Amino acid sequence: MRVPTAAPEAPAAPARKPSILRQPTAVWAIAFACAISFMGIGLVDPILPAISADLGATPAQTMLLFTSYLFITGIAMFFTSWVSGLIGVRWTLVAGLVLIVLFAALAGSSGSVGEIIGFRAGWGLGNALFISTALAAIVGAASGGSRQAIVLYEAALGVGMAVGPLVGGALGSISWRGPFFGTAALMAIALLAILVLLRAPKQSAAERAAARAARPSLVASFKALGNPALLALAGVAMFYNFGFFVLLAYSPYPMEAAARASGVREFGAHELGLVFFGWGVALAITSVLVAPVLTRRLGLRPVLFAMLSGLAVCLVLLGAFVGSLPGLIAVVVVSGLLLGVMNTALTEAVMEATDLPRNVASSTYSAVRFIGGAIAPAVAGPIAAALGEPAPYWFGAASIAAAIVVLACVGHLLHRVGATPQESAEGEAQVISAGDAA
């Protein structure tokens, strides 16, 4: 009698490789919000001259749109790690998005430059809450491992930095109010998507207790400034960011004046948007792709000195070419290549220089850096009015030179820099995002 044999088992289907494209809808919602959030940094750049013309404001007044935004972002950064620990990542994200939607819409409906300056401050608070928790949110919601989610996060960051000036220029060519209302509408869509799609992970009682025990204190960031290495690098970042935002906030005005002087009639928000789109693309590419390669091969400190020196040269050239539209455009776009590398390398140096918790060190450094950036637009206008158009660029170059001197003088405090193992994927993304957020 023949014993029936079991049918052979079908071969198991090969496991799918993780893919950046196979992500939950919540991840795509967060990535979309990240891109729109980072768009907000360069969004107003192309419309500064239009705001000046329509509202009868001086360049010095309109550049305060950057100052109020950056100053409040910097102050808030001292407390974002505490807020996130208190109410959780999801609700910190939501709070940030609500504030951005509200204050972007109010800025678009403003009747004076003073109102816009005030509403940009509220926008800065929302952005600080959002960008401080976006990475944790996207990694927590992703499938296929953190590396895939981080690549998506970095892509969203780069898209936002590059597209912001382009969108600002396109909408700003219709009305200077357009970029503000456009941002509010896009962020409202992102807010609804996150409320519907993003759910806080379930935690056991033990996990909740551990999270409460690890929560940073309210004054953790202020205490962190007592670390000599962090304080030194924060000082370098403050001087560097002064030069950065002289270039970013002041350059639209000399460009517009140079265009008029050379007989170029059509050089408004749209054209400025294209110029700073090129700048943003250059910055995004080098911050994500080039900076890690350079720092691995050459070391952090040599890269920092080289990039700072190059940026000082760029600012000197901008002062020399202040009456030449092609010269200004070329130097601004080239400077984006250097700024992208510098952002990532400097933030990575901060992360390696201390043994402080990463979130505390990053938020403390970012706070000081944003405050340094806030000073530049506030003084560039009065300096130009008093000393002439090239003067803000000279001051920016001097500030970069001061950063080089500080970096050279604190070398004994940076013995840890370059001596630690390579960052994990998540750590590297935190470095990149913190660098580019400014």
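Helices here are DSSP runs (H or I, at least four residues), numbered from the N terminus. The model is predicted: local features need pLDDT of at least 70, side-chain atom pairs need pLDDT 80 or more, and totals for chains, interfaces and linings use all residues. Residues are numbered from 1 along each chain as its sequence is written, and side-chain values use heavy atoms, with hydrogens and water left out.

**View 1. The second largest pocket draws its lining from several helices.**
α2 (48-55), α3 (59-62), α14 (252-261) and α18 (358-387) each give at least two lining residues. A pocket is an open set of points on a 1 Å grid over the protein atoms alone, with protein on both sides within 12 Å along at least five of seven lines; lining residues have an atom within 4 Å of a point, and a cavity is instead a set where a 1.4 Å probe fits but cannot get out. The volume of this pocket is about 220 Å³. Its lining counts 18 residues, and Pro59, Ala60, Tyr250, Tyr253 and Glu389 are the closest to the centre. Volumes are the space filled by probe spheres set on the grid points, which are joined across faces, edges and corners. α14 supplies the largest share of the lining, five residues. By class, 12 lining residues are nonpolar, three polar and three charged. Nonpolar covers Ala, Val, Leu, Ile, Met, Phe, Trp, Tyr, Cys and Pro; charged covers Asp, Glu, Lys and Arg; the others, Gly among them, are polar.

**View 2. One cavity of 30 Å³ or more is found in the whole structure.**
The largest cavity holds about 40 Å³ of space. Helices α13 (228-250) and α16 (300-320) are the elements that give two or more residues to its lining. The lining consists of Gly243, Phe244, Leu247, Leu311, Cys314, Leu315, Leu339 and Ile400. Seven of these residues are nonpolar, one is polar and none is charged.

**View 3. Helix α15 (residues 269-298) carries Leu283 and Ser287.**
Leu283 is buried, because its relative accessibility is 0%. Buried means under 20% relative accessible area, exposed over 50%, and partly exposed in between (1.4 Å probe, protein chains only). The C-alpha atoms of Leu283 and Gly340 lie 4.2 Å apart, across 57 residues of chain. Ser287 is likewise buried, at 0% relative accessibility. A polar atom of the Ser287 side chain sits 3.0 Å from the backbone oxygen of Ala284. Gly299 follows α15, with a positive phi near 95°.

**View 4. Helix α7 (residues 113-131) holds Trp123.**
The 19 residues of α7 reach 26 Å from first C-alpha to last, close to the expected 27 Å. The expected span is 1.5 Å times one less than the number of residues. The helix is largely enclosed by the rest of the structure, because 14 of its 19 residues are buried. Trp123 is buried too, at 1% relative accessibility. Its C-alpha is 4.9 Å from that of Ile100, 23 residues away in sequence.

**View 5. Asn343 and Arg369 meet through their side chains.**
Asn343 belongs to helix α17 (residues 325-353). With a relative accessible area of 0%, Asn343 is buried. The polar contact to Arg369 spans 2.5 Å. Such a contact is a pair of N or O atoms within 3.5 Å; within protein, one must be able to donate a hydrogen and the other to accept it, and residues adjacent in sequence count only if both atoms are side-chain atoms.
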